[in-house]
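Here is a note to read alongside the model, written as numbered points. Please keep the sequence and the structure open while you go through it.

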Amino acid sequence: MRNKIIIINNDKDYNKLLKKLYIYKSILYYNTLFVVKNNINDKMLNYIIDALNIKKRKKRINFIYDQSCHLIDEKNKGINICGFKNERCYVQRKYNKGKCNGCCRMCIYQTKNGCSTKNLTCKLFNCSEVRKRYEVIDYNDLKLLKVLSLKNQLVIKSDYFSKREDVLKDLYSYTLTYSTLRIVYRLIKNFIKLNRKNKK
């Protein structure tokens, strides 16, 4: 395996790396070990290099997904960003329409103790009320996601209310059509389940 040394001294070098990711993640660099020499302390940069050095497709996807979730969880650790009080978020208390559990009320994976799964798409969603109060991690802040294919970047933006295992299966598939059909089918199925549950 040959080494590819990447030197990052400033933001310009970092942006140059991000622009070249589409080449570095291709088959052309399958037998290449990326080594970074940097003068900036950036956790995201290390994750990007680690992801590029994972050559098995599924393992790389898992790593990117889990590290992205971890970065968001670390940022929000110990903070009640949705402002939950008595199961109602900032918006639900403000408009007092009797709804509970914030945006998660639409999800079958919500429990009294929070989310029972790990969905990156949901973690990346924050309403305008939360954005006014906190500096949150946005999709564009997670440069690590650029190591994913364009198709998988689209999946990450749209795979709400799904459990981790289902999202990963959507990411593993090779076509956007198949992933989209899975997402739509699951949303319809979950909506029906949620309606039945609410009628009881």
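**Notes on the model**

1. Leu145 touches Ile64, Ser68, Leu120, Leu124, Tyr139, Gln153 and Ile156, when residues up to four places away in sequence are not counted; contact here means heavy atoms within 4.5 Å. The model is a predicted one, in which local features need pLDDT of at least 70 and side-chain atom pairs count only at pLDDT 80 or more, while totals for chains, interfaces and linings use all residues. Residues are numbered from 1 along each chain as its sequence is written, and side-chain values use heavy atoms, with hydrogens and water left out.

2. Leu145 is also one of the residues that touch the most other members of the largest nonpolar core, which has 41 residues, and Tyr14, Ile48, Leu120, Leu142 and Ile156 are listed with Leu145. At least two residues of this core come from each of β1 (2–8), α1 (11–24), β2 (32–38), α2 (43–52), α3, α5 (120–124), α7 and α8. A nonpolar core is a set of buried Ala, Val, Leu, Ile, Met, Phe, Trp, Tyr and Cys residues joined through side-chain atoms within 4.5 Å; buried means under 20% relative accessible area, exposed means over 50%, and partly exposed is in between (1.4 Å probe, protein chains only). The helices (H or I, at least four residues) and strands (E, at least two) are DSSP runs, numbered from the N terminus.

3. Helix α8 (residues 164–172) has as its buried residues Asp166, Val167, Leu168, Asp170, Leu171 and Tyr172, and the buried residues of α8 pack against α3 (57–76), α7 (150–158) and α9 (176–199). On the side of α7, Asn152 lies in that helix and counts as buried because its relative accessibility is 2%. Leaving aside neighbours within four places in sequence, Asn152 is in contact with Arg57, Ile61, Asp170 and Leu171.

4. Asp159 and Arg186 form a salt bridge, with the closest N and O atoms 2.7 Å apart; a salt bridge is a side-chain nitrogen of Lys or Arg within 4 Å of a carboxyl oxygen of Asp or Glu. Asp159 lies in the loop between α7 and α8 and Arg186 in helix α9, so this pair ties together parts that are 27 residues apart in sequence. Both partners are buried, Asp159 with a relative accessible area of 0% and Arg186 with one of 5%. Through salt bridges that share partners, Asp159, Asp166, Asp170, Arg182 and Arg186 are joined into one network.

5. By the same rule the count comes to 12 salt bridges, and two further pairs deserve a look. Asp66 forms a salt bridge with Lys118, the closest N and O atoms being 3.3 Å apart, and this pair links distant parts of the chain, since Asp66 is in helix α3 and Lys118 in the loop between β4 (114–115) and α5, 52 residues apart. Asp66 is partly exposed at 23% relative accessibility, and Lys118 is partly exposed at 27%. Arg133 forms a salt bridge with Glu129 at 3.0 Å between the closest N and O atoms; because they are 4 residues apart in helix α6 (residues 128–133), these two are separated by about one helical turn.

6. Where does Gln92 lie, and what does its side chain reach? Gln92 is found in helix α4, and its side chain reaches the backbone nitrogen of Gly102 at 2.9 Å. Gln92 counts as buried, at 8% relative accessibility. Apart from neighbours within four places in sequence, Gln92 is in contact with Glu87, Lys97, Lys99, Cys100, Asn101, Gly102 and Arg105.

7. Most residues other than glycine have a negative phi. Asn101, in the loop between α4 and β3, has a positive phi near 70°, and Asn101 is partly exposed, with a relative accessible area of 23%. Asn86, found in the loop between α3 and α4, has a positive phi of about 50° although it is not a glycine, and Asn86 counts as exposed at 75% relative accessibility.

Notes:
Polar contact = N/O pair within 3.5 Å; in protein donor to acceptor, adjacent residues only side chain to side chain.
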